[in-house]
Amino acid sequence: MNVNEYIESVLATVKKRNPGEAEFYQAVSEVLDTLRPVLEAHPEYQKAGLIERLVEPEKIIKFRVPWVDDSGKVQVNRGYRIQFNNAIGPYKGGLRFRDNVTESVIKFLGFEQIFKNSLTGLPIGGGKGGSDFDPKGKSDAEVMRFCQSFMTELFKYIGADTDVPAGDIGVGAREIGFLYGQYKRLTDLYEGVLTGKGLTYGGSLARKEATGFGLCYFTEEMLKANGKSFKGHKVVISGSGNVAIYAAVKATALGGKVIAMSDSNGFVYDPDGIDIELVKQIKEVNRGRISEYVKARPNATYGDKCSDIWGIKCDIALPCATQNEINGESAKKLVENGCFCVSEGANMPSTPEAIETYQQAGILFGPAKAANAGGVATSALEMSQNSMRYSWTFEEVDEKLHGIMVNIFKNVESAAAKYGMPGNYAAGANIAGFLKVADAMMAQGIV
Ligand code: NDP
């Protein structure tokens, strides 16, 4: 079987074995598509069934999460933890709580996480989890009861050296606190089993900022390599959650002007530049809606169709909300409006058609697994601090994060060039992330 036939046969099996799981299939086919030259150069991978093993999660844990709401009604959600690959370290990856979470979504995120974690250069394997529970609109007490029920099952499968979950959409400091409290109660262990913890109980300084800051460090490096920078450029950022807010802070610090942000109801455009403190107050403190922003900023406008944010004229676009939020049509609008760089804070925010549009237009494209790896990298730094019973200063963590993101860019750039695709950072990220995992899997035998 030649390499093309090999890839086609693996993709056919993925499709057959995971029926209807569109997001998972999309993530796998995007990666395999770029690995052709690597598989040509390494026939031993095919012989060892390496790709067949790579696309099959090591374990899928799926469980019922019953809880009682404030009115006394019993609610039932579904919980997941997918332990995808631990060739290079314990499983590591966030938990997502959102009503549209399915097994396909968790699988795609877990698969991406393998390569992202490898790119950080740190010893962490790939995993992901979550639930179709959405904390939005729930009281603190409801969120706590849900988190306690979720952890009552999950604790059996995780541990500081086994599998270390973190936050993602819908899972922030509040949820991590409730989950950690229940883990401790069930196990009597005070260990770094979760990252993104509060600073008083083992959290790391700069973890909250890490994904957004890391995204901008990576993007700045990519811009620099192409004779550009954030300075004086207009930036559009989707979302207004953890990643988006700290991407806005850092993009502004690097000289960019953030002019639009969004949430799942709509977007705000502020020609004077987004007031980030106001966004923090609305989203982080009040858990409110982004639409409230225009009440305090008379020059700002609100639109209630999220995807219209990509029609705003900008130089740099940082999608930081969710998967497939930029489709081919939105990507065309970005190109027509002169956008020269798209760098992904969210996981898989661009559809395959969007990526093709960027590539045809010669736009600089920072793929999620490289560009947003700063969050998990800093989670791994949190794990190190926990096992040392020590904590680094904000500046120390930020400096390490910066160094990691610069290295990721260099590795991605050189892998793309080495395999004949210079400037194709999406291919470079897949290849550089894959090679380390493949090497470890080859060394460990057929497991
Ligand atoms: P948050 O829950 O903090 O924020 C998510 C933001 O995206 C919210 O503003 C939310 O709006 C918005 N959003 C969610 N769904 C949609 C949608 N369908 N359309 C438009 N907006 C939407 O999550 P994070 O900031 O942590 O995560 C954002 C992305 O970054 C995700 O793709 C995540 O996987 C990725 N990521 C996160 C990391 C982290 O460290 N947290 C690390 C690496 C990647 P609303 O307020 O209405 O819910």
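Strand β3 (residues 91-97) runs parallel to β4, and five bridges join the two. F97 stands opposite S131 in β4. The model is predicted: local features need pLDDT of at least 70, side-chain atom pairs count only at pLDDT 80 or more, and totals for chains, interfaces and linings use all residues. Residues are numbered from 1 along each chain as its sequence is written, and side-chain values use heavy atoms, with hydrogens and water left out.

Terms for the strands: helices (H or I, at least four residues) and strands (E, at least two) are DSSP runs, numbered from the N terminus. Two strands pair if DSSP finds at least two bridges between them.

**Exercise 1.** Trace the pairings of β2 on its β1 side and on its β4 side.

*Solution.* 
- Step 1: take β1 (residues 59-68) with β2 (residues 74-85). They pair in the antiparallel sense over 10 bridges.
- Step 2: V68 has V74 as its bridge partner in β2, and P66 has V76.
- Step 3: close the turn. β1 and β2 form a hairpin with five residues between them, and G72 in the turn has a positive phi of about 90°.
- Step 4: cross to β4 (residues 125-131). Its pairing with β2 is antiparallel, over six bridges. R81 stands opposite G129 in β4.

**Exercise 2.** Describe the ligand's surroundings, from the shell to the polar contacts.

*Solution.* 
- Step 1: count the shell. It has 26 residues, and the closest are R98, D168, T211, S264 and R289. A residue is near a molecule or strand if one of its heavy atoms lies within 4 Å of it.
- Step 2: sort by class. Six are nonpolar, 12 polar and eight charged. Ala, Val, Leu, Ile, Met, Phe, Trp, Tyr, Cys and Pro count as nonpolar, Asp, Glu, Lys and Arg as charged, and the others, Gly among them, as polar.
- Step 3: assign domains. Domain 1 (59-190) and domain 2 (208-362) each give at least three residues to the shell. The bounds come from an automatic or database domain assignment.
- Step 4: list polar contacts (pairs of N or O atoms within 3.5 Å). A polar side-chain atom of D168 lies 2.6 Å from a ligand oxygen. For an N or O atom in the side chain of R96, the distance to a ligand oxygen is 2.9 Å. S240 uses a backbone N or O atom, 2.9 Å from an oxygen of the ligand.
- Step 5: compute burial. Taken alone the ligand exposes 890 Å², and the protein buries 86% of that (Shrake-Rupley method, 1.4 Å probe).
- Step 6: name the elements. Those that give two or more residues to the shell are α9 (207-225) and α10 (242-253).

Note on methods
A polar contact is a pair of N or O atoms within 3.5 Å; within protein, one must be able to donate a hydrogen and the other to accept it, and residues adjacent in sequence count only if both atoms are side-chain atoms.
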